[in-house]
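Open the structure in your viewer and keep the selection panel at hand.

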Amino acid sequence: MTDFLQDRLKVALLVISLTGLIAGLVLSLAGFPQAADLAWSAGVIPVLAGLLAEIVRSLKGGEVGLDIVAALSMTAALTFGETLAAAVVALMYSGGTLLESFAEGRARHEMRSLLSRVPRTASRHLDGTLEEVPLEEIEPGDLLLIRQGDVAPVDGTLESGQAMLDQSALTGESLPVRLDHGAEVMSGSTNAGEAFDLRATRHAKDSTYAGIVRLVEAAQKSKAPMGRLADRYSMVFLAVTVVIAFAAWWFTGDPIRAVAVLVIATPCPLILAVPVALVAGLSRAAHFGVLIKGAKPLEALAQIKTLILDKTGTLTDGRPVVVAIESYGELSEAQVLHFAAALDQASKHPIAQALVAAAKARGEALPFPQHLDETAGEGISGVINGRKIAVGGSGYIASLVGTAGPELSTREAGEVVVALAVDGKPAGRLVMADTLRTGTADLLAGLRRRGIERILLATGDRQAVAEAVTEKLGLDAVRADLTPDQKVLLVLSERKNGPVMMVGDGVNDAPALAAADVGIAMGARGAAASAEAADVVLLVDHLDRLLSGLEIAQRSKRIALESVAVGISLSVAGMIAAALGYLTPVQGAVLQEVIDVAAILNALRALRITPTVPGLPAVTQAAARPA
């Protein structure tokens with residue numbers, strides 16, 4: 001409401017200043033110079049009064065800004081009879097504040113869109129009827145109806161057969177994704193297909209989207225070191241402006257030259273270009289599924305020299321996949337997977353669930369097992385279509401049937417072997433491993449091209465496993481068998497080589513993420529502790545978005561610096577020209593606005609940053625480009 005009233009006031013002041021300027025010009029052309037002066041003054045005074053009130057409010061808050069220059073220029077112009085110049089400055093100032101609001105609103109577009117998508121209520125099934133309930137009343141286990149076009153209000157699992165979800169606002173993926181029964185649904189996703197039922201698994205306040213909203217709100221309130229630096233430089237610029245103005249008056253005896261210097265002095269390159277460019281960078285990063293918690297970490301991200309990566313769930317998928325299947329009986333390899341996955345449907349063990357996922361990915365229709373008997377952490381037995389099946393570790397299968405089958409000729413570090421027995425005889429085995437994410441080598445090469453000088457692995461896993469996984473990646477160092485405290489020490493020791501970025505996804509990574517110059521948490525549904533400790537959260541569980549975030553941060557910072565350098569240089573040149581008598585106050589006011597608009601428009605270029613994402617489909621990258 002406050003923002004709305006402020007925008008209405010800015011529009012009103014712009015209308016008043018424009019009306020006064022036009023009325024004065026008409027009266028002047030009609031031959032009524034005194035009446036023209038009155039009209040121009042009438043258009044200036046309300047704007048000046050509003051500006052003075054804003055300055056007083058800023059001074060009470062301990063802030064001294066360059067709005068003082070605008071107030072001095074209008075006051076000096078009115079005092080020395082340059083009412084037309086004062087009217088032009090008033091129009092330019094009121095128009096500039098409106099342009100500033102537009103620029104910031106445009107820069108925050110992606111983050112505002114995230115906030116605006118928060119649903120307020122949900123439709124809950126109750127005794128065969130539907131009731132509309134506030135989000136805070138939703139409990140885990142509630143069954144919700146998600147209509148076409150609705151936003152999923154909480155995290156949950158899909159109870160219907162299928163659903164088509166648009167996750168573009170969260171992940172930057174332009175194409176909807178199809179989910180099957182039992183799949184996890186992330187809150188904030190939009191239903192792009194038929195209505196479906198969602199079984200809530202979390203309270204609204206604990207869901208993915210609520211966490212994202214909290215991070216966005218914190219990001220909007222942040223201020224970058226570069227922005228604070230601009231505030232300090234603004235005082236230097238104010239002093240330079242006043243000195244040049246008084247020098248021009250002192251040496252020439254012409255106060256009009258001082259007025260011309262004051263009206264051409266522009267604050268926009270310093271007070272607007274930096275925040276607009278950085279906020280635009282935050283917004284653009286959010287569009288690509290990279291949520292940066294404010295302008296300060298965005299600026300820090302642009303300066304990173306060392307990258308430390310966790311292994312499980314970061315460098316690797318964090319989920320074991322089937323890398324080999326062996327059959328030594330009547331079953332084919334496909335049947336070995338079929339029977340193992342069908343039986344493992346009854347187990348909650350991560351390896352069992354990974355086998356089920358692998359079979360479903362191949363389109364297998366899995367019958368449900370009967371007569372189950374599970375030994376926790378070792379294996380499970382049961383009956384599938386009348387056949388006795390047992391799945392588990394080699395020792396578990398050997399204890400049931402006497403042997404688990406032939407020995408493996410070779411076995412890589414980190415691999416897990418799942419043995420299968422059918423009707424009391426060894427039937428085959430599946431080799432599983434937590435593999436590298438697709439495109440990891442290309443990603444690391446891209447990061448090096450972006451200025452990352454050192455890339456290290458930090459893991460609590462065994463040295464042999466860590467080296468086997470990263471053998472062909474060309475890392476600068478591999479640190480294994482690390483405790484959380486040792487990861488923190490590694491981060492601190494690497495700071496001697498420059499700013500450090502740490503990427504992780506687990507609770508054990510949280511201390512190192514907090515210790516790093518920039519901590520990055522993998523995936524919006526990663527451990528809450530790591531997401532809270534991190535400066536950046538990758539909303540989609542793809543490591544390639546790290547390169548997107550880095551590129552956006554670097555280019556946003558460069559655009560901010562360009563805007564400041566060019567804008568201030570032009571302003572100083574204009575002030576010198578005015579001091580030497582080459583520019584009148586009216587010409588100076590017009591030039592001021594040209595420089596201001598140029599600085600802001602250049603800063604908004606950050607909204608057009610389209611990073612190159614390894615492995616991202618071309619259609620997605622094309623869709624990411626703003627129209």
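Is His371 exposed or buried? His371 counts as exposed, because its relative accessibility is 65%. (Buried means under 20% relative accessible area, exposed over 50%, partly exposed in between, with a 1.4 Å probe and protein chains only.)

Before moving on, note the ground rules. This is a predicted model, in which local features need pLDDT of at least 70 and side-chain atom pairs count only at pLDDT 80 or more, while totals for chains, interfaces and linings use all residues. Residues are numbered from 1 along each chain as its sequence is written, and side-chain values use heavy atoms, with hydrogens and water left out.

His371 lies in strand S13, residues 370-375. (Helices, H or I of at least four residues, and strands, E of at least two, are DSSP runs numbered from the N terminus.)

Now select Asn385. This residue sits in the loop between strand S14 (379-384) and strand S15 (387-392). Asn385 also has a positive phi, near 50°, without being a glycine. With a relative accessible area of 64%, Asn385 is exposed.

**An enclosed strand**

Select residues 518-522, strand S21. Five of the five residues are buried, so the strand is largely enclosed by the rest of the structure. Val518, Ile520 and Met522 point one way, Gly519 and Ala521 the other.

Strand S20 (residues 500-504) pairs with S21 in the parallel sense over four bridges, and Met501 stands opposite Val518. Strand S22 (residues 536-538) pairs with S21 in the parallel sense over three bridges, and here Met522 faces Leu538. (Two strands pair if DSSP finds at least two bridges between them.)

Go to helix H22, residues 545-579. From first C-alpha to last, H22 reaches 51 Å, close to the 51 Å expected at 1.5 Å a residue. (The expected span is 1.5 Å times one less than the number of residues.) After H22 comes Gly581, with a positive phi near 90°.

**Colour by confidence**

The protein averages 80, and 82% of the residues score at least 70.

Finish at residues 615-627, where pLDDT stays under 50. The model has 24 contacts (heavy atoms within 4.5 Å) beyond four places in sequence for this stretch. Where pLDDT is low, the predicted coordinates should not be read in detail.

Notes
pLDDT = per-residue confidence, 0-100.
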